[in-house]
Amino acid sequence: GAGIARILAQPSHGNLAVALLARNPDNLASLATSLRSSAPNSIIETFPTDTQPSNLTNAFSAIRSHASFQGLKLRVGIFSIKHSSKKPFLEETHEDFTKSLHDYVGGAFTFSQEFLKLLFEHNGEESLSDGGEKKGTLIFTGTLGALRTNPQFAAYGAGRSSVRMLAQSLAKEYSAQGLHVVHTIANGAIKDEDSEAQRTGRTMSAEAVGKTYLWLSEQGPELWTHELDLRPAQEKF
């Protein structure tokens, strides 16, 4: 998330005020300090939360009232969290399987609802056909698990594919009202660094992903990308 946030916040790129949501408060504070140092004059605020519904709702409430965002309109939301589960199916439990779905799919659901509420609060709900403008862009960072899965990845595949379908449903329901919904397939590692691995196409650069997300957010209603495959040059597919 660091490279993506840096591109969105930098005055020379996105020049957006950024609200960072993550589970670990200490890591989040450290990340914000690093980002402010690398992107001077940017607005970056932190809101520690996990994907539990009440916590996400409280985080959005805090964003709504935060002094740094007063007078600004919500434009972009990115749901991008680590989610992995590997276990032989007969060793899987109903509790662990459903918890994986609750945490990841349920988190995407609540994040989307809270994002939409704030987006329409800031930008209105007038449809494009009635003269309304694009309201904003909602991006889900998915993985190849959203398209196909492997042995021992039942919970992982169920969760990733479910969020892909959530994105598709939202796109079909709200595109006419000016909401651009994107689901990306990040096929390969994303690293916030500039190393030989990035230069030779072995891993993705987080800043390159950030530039792609910024480009997606700038698309007008005449052409919207809904699903996009992201991978470094040497990643097998």
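**View 1. Strand β4 is mostly covered, with seven of its seven residues buried.** Here buried means under 20% relative accessible area, whereas exposed means over 50% and partly exposed lies in between (1.4 Å probe, protein chains only). The model is predicted: local features need pLDDT of at least 70 and side-chain atom pairs count only at pLDDT 80 or more, while totals for chains, interfaces and linings use all residues. Residues are numbered from 1 along each chain as its sequence is written, and side-chain values use heavy atoms, with hydrogens and water left out. Strands (E, at least two residues) and helices (H or I, at least four) are DSSP runs numbered from the N terminus. On one face of β4, Gly136, Leu138, Phe140 and Gly142 are buried, and on the other Thr137, Ile139 and Thr141 are buried too. In a regular strand the side chains alternate between the two faces of the sheet.

**View 2. Strand β5 (residues 179-186) is also mostly covered.** Eight of the eight residues of β5 are buried. One side of β5 carries Leu179, Val181, His183 and Ile185, and the other carries His180, Val182, Thr184 and Ala186; both faces are covered.

**View 3. Four strands form an open sheet in the order β3-β4-β5-β8, with parallel pairing.** β3 (76-79) and β8 stand at the edges and each has a single partner strand, so one side of each is left without a neighbour in the sheet. From one strand to the next, the twist averages 20°. Two strands are taken as paired if DSSP finds at least two bridges between them.

**View 4. Strand β4 (residues 136-142) and β5 run parallel and are joined by seven bridges.** Gly136 stands opposite Leu179 in β5. Further along, the bridge partner of Ile139 in β5 is Val182, and that of Gly142 is Ile185. Together with helix α5 (residues 154-174), β4 and β5 make a right-handed β-α-β unit. A crossover counts as right-handed if, with the strands pointing away from the viewer, the path from the first strand over the helix to the second runs clockwise.

**View 5. The edge strands β3 and β8 pair with β4 and β5, respectively.** β3 and β4 pair in the parallel sense over four bridges, and Ile78 stands opposite Ile139 in β4. A right-handed β-α-β unit is made by β3, helix α4 (residues 94-123) and β4. In β8, Leu230 is the bridge partner of Ala186.

**View 6. Helix α7 (residues 206-217) lies across β3, β4, β5 and β8.** Helix α7 runs at about 165° to β8. Angles are taken between N-to-C directions and run from 0 to 180 degrees; axes are lines fitted to C-alpha atoms, for helices over the stretch in contact. Contact means heavy atoms within 4.5 Å.

**View 7. Helices α1 and α7 pack at an angle of about 50°, with their axes 7 Å apart.** That angle makes α1 oblique to α7. Angles under 35 degrees count as roughly parallel, over 145 as roughly antiparallel, 65 to 115 as roughly perpendicular and the rest as oblique. The crossing of α1 past α7 is right-handed; a crossing is right-handed if the near helix is turned clockwise from the far one by less than a right angle, and left-handed if anticlockwise. Gly3, Ile4, Arg6, Ile7 and Leu8 of α1 meet residues of α7 including Val209, Tyr213 and Leu214.

**View 8. Helix α1 (residues 2-9) and helix α2 (residues 25-38) cross at roughly 40°, their axes coming within 10 Å.** α1 is therefore oblique to α2. The crossing is right-handed, and Ala2, Ala5 and Arg6 in α1 meet Leu31, Leu35 and Ser38 in α2.

**View 9. Helix α3 (residues 53-65) and α4 cross at roughly 25°, with axes that come within 9 Å.** The two helices α3 and α4 are therefore roughly parallel to each other, and their crossing is right-handed. Pro53, Leu56, Thr57, Phe60, Ile63 and Arg64 in α3 meet a set of α4 residues, among them His102, Phe111, Phe115 and Leu118.
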